[in-house]
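What follows is a walk through one protein model, from single residues to helix packing and back to the loops. Keep the sequence and the coordinates at hand while reading.

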Amino acid sequence: MDSEAFVDLFVLAQVSAFHSMLTLYKVLLAPALLLQGSRLRKTALRLPEAAGERSGHIHGNGAQPLRLLFTGDSSAAGVGVDWQHEALAQQAAQLVAARSARSVHWTLIAQSGANTRDAIELIKAQANGPADVLISALGVNDVTSQTSARRFVRDYNELLAVVAQRTGARAAVISGLPPLHRLPAAPQPLRWYLGQCARRLDEALQKFSAQRPDTRFVSLAWAKASEMARDKFHPGKTQYQQWASVVADQVLA
């Protein structure tokens, strides 16, 4: 059985009564969801991506560095903090180097608004150097674009295959979706609906990751609304610090 057929069979288990009920709620709540979504897009505070270098080398022991490739959406790009040294990629790379005493080379390929399909195209366009481990942060824009769990996992499977082909990285640390049901920027019932969609994709991604011995899953269920950035949508400094620490632990695992 090829990998795509396996993914199809695996995700088929996710198409359950929960999916059917969520579709029903979407239909019943459609007027409110559309109105609130439109208002949120117009009124949301838009923060820039973190400034600073998107690649670097951290010196340590050994001639051959551990090469980390980060990819993802606005959270991977550091929206919510001012500088890359406060964001996920650079902090995680620094922690991996400090905890392992190894040299680390890190590269960030991320873009605000990117879903998993977009990340594949970003990697194809920009990933030129070799890598050992992929660290990804995707999913929120798959929720807002209403990607199905089946499509989401198939896209993730393709992303990992493209990264392996272009960089050699066969190990991955995959971050799950944040708890959108706590999102203070979104009103109810939109917040509830986004949270249910995020939970469905998060569960599918977690189970997909568990089937891959070279992949680690990082849950973001711990994220608190009180520690978000001032846009009430993206991680704040404290959350990026905690996130980087968990990611570093899984890279070293």
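A97 is buried, with a relative accessible area of 8%; the cut-off for buried is under 20%, so the label applies to A97. The coordinates come from a predicted model. A97 sits in helix α4. The C-alpha atom of A97 is separated by 9.3 Å from that of P65, and the two residues are 32 apart along the chain.

Two packed helices are described by the angle between their axes and the distance between the axes. For α4, which spans residues 88-100, and α9, the axes are 8 Å apart and the angle is about 50°. An angle between 35 and 65 degrees falls in the oblique class, and α4 and α9 are therefore oblique to each other. The handedness of the crossing of α4 and α9 is right-handed.

How many aromatic pairs does a search of the whole structure find? The search finds 2. In one of them, the ring centres of F152 and Y156 are 5.5 Å apart and the planes stand at 85°, so this pair is edge-to-face. The reasoning rests on the cut-off for that class, which is over 60 degrees between the planes. Both F152 and Y156 belong to helix α7, which runs over residues 149-167, and they are 4 residues apart, about one turn of the helix. F152 counts as buried because its relative accessibility is 0%. Y156 is likewise buried, with a relative accessible area of 0%.

The pair formed by Y240 and W243 is stacked, with 15° between the planes and 6.1 Å from centre to centre. Y240 and W243 lie in helix α9, residues 237-252, and because they are 3 residues apart, about one helical turn separates them. Both Y240 and W243 are buried. A pair of aromatic rings is described by the distance of the centres and the angle of the planes.

A polar atom of the T167 side chain lies 2.7 Å from the backbone oxygen of V163.

Helix α5 shows how burial can be arranged around an axis. In this helix, residues 116-126, the buried residues include T116, A119, I120, L122 and I123. These residues cover an arc of only 165° around the axis, which puts them on the same side of α5. At the start of α5, a side-chain oxygen of N115 reaches to within 3.2 Å of the backbone nitrogen of R117.

The loops remain. Which residue lies in the loop between α4 and β3 and has a place in this account? A101 is found there, with β3 covering 102-110. Although A101 is not a glycine, its phi is positive, at about 60°. A101 is partly exposed, with a relative accessible area of 35%.

K232 also has a positive phi of about 60° and is not a glycine. K232 is located in the loop between β6, 215-218, and α9. Its relative accessibility is 40%, so K232 counts as partly exposed.

The last stop is G52, in the loop between α3, 30-43, and β1, 55-58. At a relative accessibility of 44%, G52 counts as partly exposed. G52 and Q84 are 32 residues apart along the chain, and a distance of 5.3 Å separates their C-alpha atoms.

Note on methods. Residues are numbered from 1 along each chain as its sequence is written. This is a predicted model: local features need pLDDT of at least 70, side-chain atom pairs count only at pLDDT 80 or more; totals for chains, interfaces and linings use all residues. Side-chain values use heavy atoms; hydrogens and water are left out. Buried means under 20% relative accessible area, exposed over 50%, partly exposed in between (1.4 Å probe, protein chains only). Helices (H or I, at least four residues) and strands (E, at least two) are DSSP runs, numbered from the N terminus. The arc is that of the directions from the helix axis to the C-beta atoms. A polar contact is a pair of N or O atoms within 3.5 Å; within protein, one must be able to donate a hydrogen and the other to accept it, and residues adjacent in sequence count only if both atoms are side-chain atoms. Rings of Phe, Tyr and Trp (its six-membered ring) pair if their centres lie within 6.5 Å; planes under 30 degrees apart count as stacked, over 60 as edge-to-face and the rest as tilted. Axes are lines fitted to C-alpha atoms, for helices over the stretch in contact, and angles run from 0 to 180 degrees between N-to-C directions. Angles under 35 degrees count as roughly parallel, over 145 as roughly antiparallel, 65 to 115 as roughly perpendicular and the rest as oblique. A crossing is left-handed if the near helix is turned anticlockwise from the far one by less than a right angle, and right-handed if clockwise.
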